[in-house]
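I opened this notebook to record what I looked up in one protein structure. The entries follow the order in which I consulted the model.

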Amino acid sequence: MEIDTERVLCAVDDLAERPCRGFLVGEGPWPLSGFLVRKRDRVRGYLNRCPHAGHPLNLKPNEFLTPDRSLIVCSSHGALFDMDSGYCVDGPCAGQSLTPIPVEVVAGHVLLAAGVEPADYE
C-alpha cells in the first residue's frame, strides 16, 4: 500500500509510550495546529484550541493529558475533555467540545484524512 507522505503526522508507535503528540500542518503564519491522542488502539485528532478561550491547550510541547493520562486538559484553565469524544466534562467550557480533525491509520502511520485542508480550521 502506498502512503501519501505529505499527510503523515507520525508513526503509530510514536504514540506508544506517550499517547499524545502535537502537530503542525501547512505553511504561512497560520498552519493547522492540532494534536493526536491514542487510547487503546484508537487514534483521534483534535484542533489545538480551547473552546473556552481560543488559545492552545498545552503550555509545554506534547503535554495535553492529565497526570494519570485519562483526560485531555487545558493547561490554562484546567478544563477537562474526554479523549474519545473531545467533550468537555469539567471546567469553564463544560458542555462544549474540542474540534475534531479527521485522521486515519494506514500501514502503521497516522495520516491527516484525505480531503482535510488546513485552511478549513482557521
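**Entry 1. A buried ring**

I began with phenylalanine 64, which is buried at a relative accessible area of 1%. In my notes, buried stands for under 20% relative accessible area, exposed for over 50%, and partly exposed for what lies in between, with a 1.4 Å probe and protein chains only.

**Entry 2. Basis of the notes**

I note that the model is predicted: local features need pLDDT of at least 70, side-chain atom pairs count only at pLDDT 80 or more, and totals for chains, interfaces and linings use all residues. Residues are numbered from 1 along each chain as its sequence is written, and side-chain values use heavy atoms, with hydrogens and water left out.

**Entry 3. The chain as a whole**

I looked up the secondary structure and found 0 helices and 9 strands in the protein chain. Helices (H or I, at least four residues) and strands (E, at least two) are DSSP runs, numbered from the N terminus. The order of elements from the N terminus is β-β-β-β-β-β-β-β-β. The radius of gyration of the protein chain is 14 Å, close to the 14 Å that the globule rule gives for 122 residues, so the chain is as compact as a globular protein of that length. That radius is taken over C-alpha atoms, and the globule rule is 2.2 Å times the number of residues to the power 0.38.

I then recorded the span of the C-alpha trace along its principal axes, which is about 45 × 30 × 25 Å. Of the 122 residues, 38% count as buried. I also looked at contacts (heavy atoms within 4.5 Å). Among those between residues at least 6 apart in sequence, 43% join residues at least 24 apart.

**Entry 4. Surface and charge**

The accessible surface of the protein chain comes to about 7000 Å², and 48% of it belongs to carbon and sulfur atoms. Such areas come from the Shrake-Rupley method with a 1.4 Å probe; for residues, only the protein chains shown count as cover.

I looked up 11 positive and 17 negative side chains, and the centres of the two sets lie 7 Å apart. Lys and Arg count as positive and Asp and Glu as negative, while His and the chain ends are not counted. The place of a charge is taken as NZ of Lys, CZ of Arg, CG of Asp or CD of Glu.

**Entry 5. The aromatic cluster**

Which residues do ring pairs link into a cluster? I found Phe35, Tyr46 and Phe64 in that cluster. Rings of Phe, Tyr and Trp (its six-membered ring) pair if their centres lie within 6.5 Å; planes under 30 degrees apart count as stacked, over 60 as edge-to-face and the rest as tilted.

The count by this rule is 2 aromatic pairs. The rings of phenylalanine 35 and tyrosine 46 have centres 5.8 Å apart and planes at 40°, so this pair is tilted. Phenylalanine 35 lies in strand β3 (residues 32-39) and tyrosine 46 in strand β4 (residues 42-47), so the pair ties together parts 11 residues apart in sequence. Phenylalanine 35 is buried at a relative accessible area of 0%, and tyrosine 46 is buried at 2%.

The rings of phenylalanine 35 and phenylalanine 64 have centres 4.3 Å apart and planes at 10°, so that pair is stacked. Phenylalanine 64 lies in the loop between β4 and β5 (72-73) and phenylalanine 35 in strand β3, so the pair ties together parts 29 residues apart in sequence.

**Entry 6. Cysteine 74**

I located cysteine 74 in the loop between β5 and β6 (80-81). Is cysteine 74 buried or exposed? At 1% relative accessibility, cysteine 74 counts as buried. Leaving out residues up to four places away in sequence, cysteine 74 touches Cys50, His55, Leu57, Ala79 and Phe81. The C-alpha atoms of cysteine 74 and histidine 55 are separated by 9.3 Å, and the two residues are 19 apart along the chain.

**Entry 7. Loop residues**

Proline 67 lies in the loop between β4 and β5 and counts as exposed at 86% relative accessibility. Asparagine 62 is placed in the loop between β4 and β5 and is partly exposed, with a relative accessible area of 26%. I noted for asparagine 62 a positive phi of about 65°, although it is not a glycine.

Alanine 107 has a positive phi of about 50° and is not a glycine either. I found alanine 107 in the loop between β8 (103-106) and β9 (109-112), and at 56% relative accessibility it counts as exposed.
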